[in-house]
Amino acid sequence: MGPNGEQVGIVRVEDALRLAAEADLDLVEVAPMAKPPVAKLMDFGKFKYEAAQKAREARKNQVNTVIKEIKLRPKIDPHDYGTKKGHVVRFLNGGDKVKVTIMFRGREQSKPELGFRLLQRLAEDVSELGFVESAPKQDGRNMVMVLGPTKKKADAKAEQRKRRESAARGPQDEAPEAVDGPESPTE
């Protein structure tokens with residue numbers, strides 16, 4: 001194949017090397033298993049550079065899912081529950097999965113329905129941000145449930161990036177307002 005993708009035909013190796021030297025290009029074997037083998041005249045350095053750029057771009061868009069874990073107890077205080085729920089909300093907004101574990105100790109193991117109700121309540125509280133990916137199930141002394149985010153991790157990252165950029169740009173774009181401070185007493 002020629003430098004512009006045109007078919008040159010079957011050529012001896014010596015002639016192909018001479019054509020490559022005249023065009024100041026490299027002779028690259030594209031399909032070695034074909035009969036006869038297919039070679040192309042191209043700038044091999046440029047080809048390798050473009051392939052590396054494509055691979056880097058693909059890696060940049062690749063998303064790795066992370067499972068965050070939150071541990072609770074069946075007799076959790078309402079304020080502590082709110083704090084833990086806030087962590088779950090933050091993780092789901094970030095596009096991560098959340099593994100919620102309830103740890104039973106001693107006599108608590110005889111009442112697994114307490115843990116089940118707590119997990120159901122948590123799932124209902126965060127239902128707009130995530131869904132139950134794996135239902136609550138007893139695993140020895142623990143009860144485990146996995147929540148998945150409703151929006152993809154890439155979308156969540158893009159949204160966070162936009163928010164950060166607008167927050168960084170925001171104060172500069174707005175005109176400063178006149179602020180009336182406390183009037184000084186003249187008495």
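# A guided tour of the predicted fold

Buried residues make up 22% of the 187 residues in the protein; buried means under 20% relative accessible area, exposed over 50%, and partly exposed in between, with a 1.4 Å probe and protein chains only. This is a predicted model, in which local features need pLDDT of at least 70, side-chain atom pairs count only at pLDDT 80 or more, and totals for chains, interfaces and linings use all residues. Residues are numbered from 1 along each chain as its sequence is written, and side-chain values use heavy atoms, with hydrogens and water left out.

**Colour by confidence.** pLDDT is the predictor's confidence in each residue, from 0 to 100. The protein averages 78, and 84% of the residues score at least 70. Select helix H5 (residues 153-173): confidence is lowest here, at a mean of 71. Now select strand S4 (residues 97-103), where confidence is highest, at 90. Where pLDDT is low, the predicted coordinates should not be read in detail.

**Switch to cartoon.** Helices (H or I, at least four residues) and strands (E, at least two) are DSSP runs, numbered from the N terminus. From that end, the elements run α-β-β-α-β-α-β-α-β-β-α.

**Select the sheet.** Four strands form an open sheet in the order S3-S4-S6-S5, with mixed pairing. Two strands pair if DSSP finds at least two bridges between them. Strand S3 (67-72) and strand S5 (130-139) stand at the edges; each has a single partner strand, so one side of each is left without a neighbour in the sheet. Neighbouring strands are turned by 20° against each other on average, direction ignored. Axes here are lines fitted to C-alpha atoms, for helices over the stretch in contact, and angles run from 0 to 180 degrees between N-to-C directions.

**Zoom in on S6.** S4 and strand S6 (residues 142-149) pair in the antiparallel sense over six bridges. Valine 98 stands opposite leucine 147 in S6. S5 also runs antiparallel to S6, joined by seven bridges. There, glutamine 138 stands opposite methionine 143. S5 and S6 form a hairpin with two residues between them. Click on glycine 140 in the turn: its phi is positive, about 70°.

Contact means heavy atoms within 4.5 Å.

The charged end of arginine 121 sits over the ring of tyrosine 81, 3.8 Å from its centre. The criterion is NZ of Lys or CZ of Arg within 6 Å of the ring centre and within 35 degrees of the ring normal.

Glutamate 108 touches Arg73, Pro74, Lys75 and Met103, not counting residues up to four places away in sequence.
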